Amino acid sequence: MTEEYDVEFVEREDRKARFLVRGVTPAFANGIRRAMIADVPTMAIDTVRFVENSSVMFDEQLALRLGLVPLTTPPEGEFTEDDTVTLSIDVEGPATAYSGDLVSSDDLVQPADENVPIIELKDDQRLEAEADAVLNRGKDHAKHQGGVAVGYRHLQRVEVGDDVPEFEEQERRIVRGVIEEDGELVPTSEFDHDLTNRYPGKEVRVEDVPNAFVFHVETDGSFTVDELVTRAVDSIEARAIELEEAVQL
Amino acid sequence: MELRVTESSDDELSIEIGGEDHTFMNVLKGALLEHDDVSAATYDMNPEQSGGQTEPILTIKTEGGVDPLDALEEAAVNVREKTTAFREAFEAAA
Amino acid sequence: MMVPVRCFTCGNVVGEHWEEFKARARDGDEDPAEVLDDLGVERYCCRRMLVSHTDLVDVVSPYQ
């Protein structure tokens, strides 16, 4: 049984992409989606040691905020689940401590965004802390979730029919996602998601294209979209191999 | 992944697959149902609150004298081939 | 108190855009909707995080 998949990008940026996959079963598409959300490990701060915190927020509140800052996740194989990377922060008021003030002990693990305010410090307030970042999965804590708003929709095929009867008021026809028109992929945002804008005065029929899914994937900055998708697929593959070996015994 | 056979006969097998959730089980079930000699495949998972078992239990029924365990192995191979094919297709487009 | 780091609903990092949003839409006179579009904060779950936020550090700091 050989599978024939076909992938085509509709929209592509580092942290955000939309791509069409043809030939996938709903079960497999959903497996990939779930793996992207819960099974791809990312780095995030997990333990914080406060040296000084005279700010208006409690230690644990700041620890939560630090944990939520996305950190760039090193290439696969560089780290295992038990390794830690230490990041330190030392800011004295009056100033605001930003995620960019975190100094990492490892070049591969850096704050992905630099302008996230951690805490605003007033005169004589100071924040000094050391934090340990660990690799873990989204299943254990949302801060380790690399994929943001990951989902898919069926590709829709639009068939244009006859003219609408002359004196009939045409109702709006809202479709969201990507439509296929003679093999061309058109995001519905191009015509404000309303088919009557694209085909005025025409009857249209919309149907799902079987086994064709348009994935929408965004990442929190831990890695690129490509990386997230490949790692999600890797995680499913690793489990399939594990099962295969376990059954053979 | 810890496997534990709970029920087994010539054409039927119930096996607990420890540590997995819907992510992998549904893909695996989908692959099993595509198998020619599998007449039925399902998995059962109870949420923790329901008080039952929480690990998924996969049940496979085969026809034509095929060992369900062999069908399971072939389904695992099939999932692996799918992931390889998907990765190749994705990287070709990327 | 401080702006949430991430959107409660989808997990998108919104704290990153707070200072610019504040400078342009709160302190400045630009239309908040346009600023959010410009910053790439698209979904309404993320947009409400910034639109409905109030900094309270100045309010509580005298009581430290």
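Of the two pairs of chains in contact, chains A and B share the most contacts, two residues being in contact if their C-beta atoms, placed from the backbone, lie within 7 Å. The structure is a predicted model, in which local features need pLDDT of at least 70, side-chain atom pairs count only at pLDDT 80 or more, and totals for chains, interfaces and linings use all residues. Residues are numbered from 1 along each chain as its sequence is written, and chains are lettered from A and ligands numbered from 1 in the order in which they are written.

The contact between chains A and B takes 32 residues from chain A and 28 residues from chain B. On the side of chain A that touches chain B, two or more residues each come from strand E1 (6–12), helix H1 (26–38) and helix H4 (225–248) of chain A; helices (H or I, at least four residues) and strands (E, at least two) are DSSP runs, numbered from the N terminus. H4(A) provides the largest share of this side, 15 residues. By class, the side has 17 nonpolar, five polar and 10 charged residues, where Ala, Val, Leu, Ile, Met, Phe, Trp, Tyr, Cys and Pro count as nonpolar, Asp, Glu, Lys and Arg as charged, and the others, Gly among them, as polar.

Within chain A, the axes of H1(A) and H4(A) come within 8 Å and cross at roughly 110 degrees. Axes are lines fitted to C-alpha atoms, for helices over the stretch in contact, and angles run from 0 to 180 degrees between N-to-C directions. H1(A) and H4(A) are therefore roughly perpendicular to each other, a label for angles of 65 to 115 degrees, with those under 35 counted as roughly parallel, those over 145 as roughly antiparallel and the rest as oblique. A:Gly31, A:Ile32, A:Ala35 and A:Met36 of H1(A) meet A:Leu228, A:Val229, A:Ala232, A:Val233, A:Ser235 and A:Ile236 of H4(A). The residues of this contact comprise eight nonpolar, two polar and no charged. Chain A is assigned domain 1 (6–39 + 148–219) and domain 2 (43–137), with bounds from an automatic or database domain assignment. The centres of the two domains, taken over C-alpha atoms, are separated by 40 Å.

Chain B contains an open sheet of four strands in the order E1-E2-E4-E3, with antiparallel pairing; two strands pair if DSSP finds at least two bridges between them. Strand E1 (2–8) and strand E3 (38–44) of chain B each have a single partner strand and stand at the edges, so one side of each is left without a neighbour in the sheet. Neighbouring strands of this sheet are turned by 20 degrees against each other on average, direction ignored. E3(B) and strand E4 (residues 57–62) of chain B run antiparallel and are joined by six bridges. B:Val38 has B:Thr62 in E4(B) as its bridge partner. Helix H2 (residues 68–93) of chain B packs on the sheet, where it touches strand E2 (12–18), E3 and E4 of chain B, and its direction makes about 110 degrees with that of E4(B).

Chain C places 18 residues in contact with 19 residues of chain A. Helix H1 (15–26) and helix H4 (57–60) of chain C each supply at least two residues of the side that touches chain A, and H1(C) gives the most, with four residues. By class, this side of chain C has nine nonpolar, five polar and four charged residues. No contact joins chain B and chain C, whose closest C-alpha atoms lie 19 Å apart.
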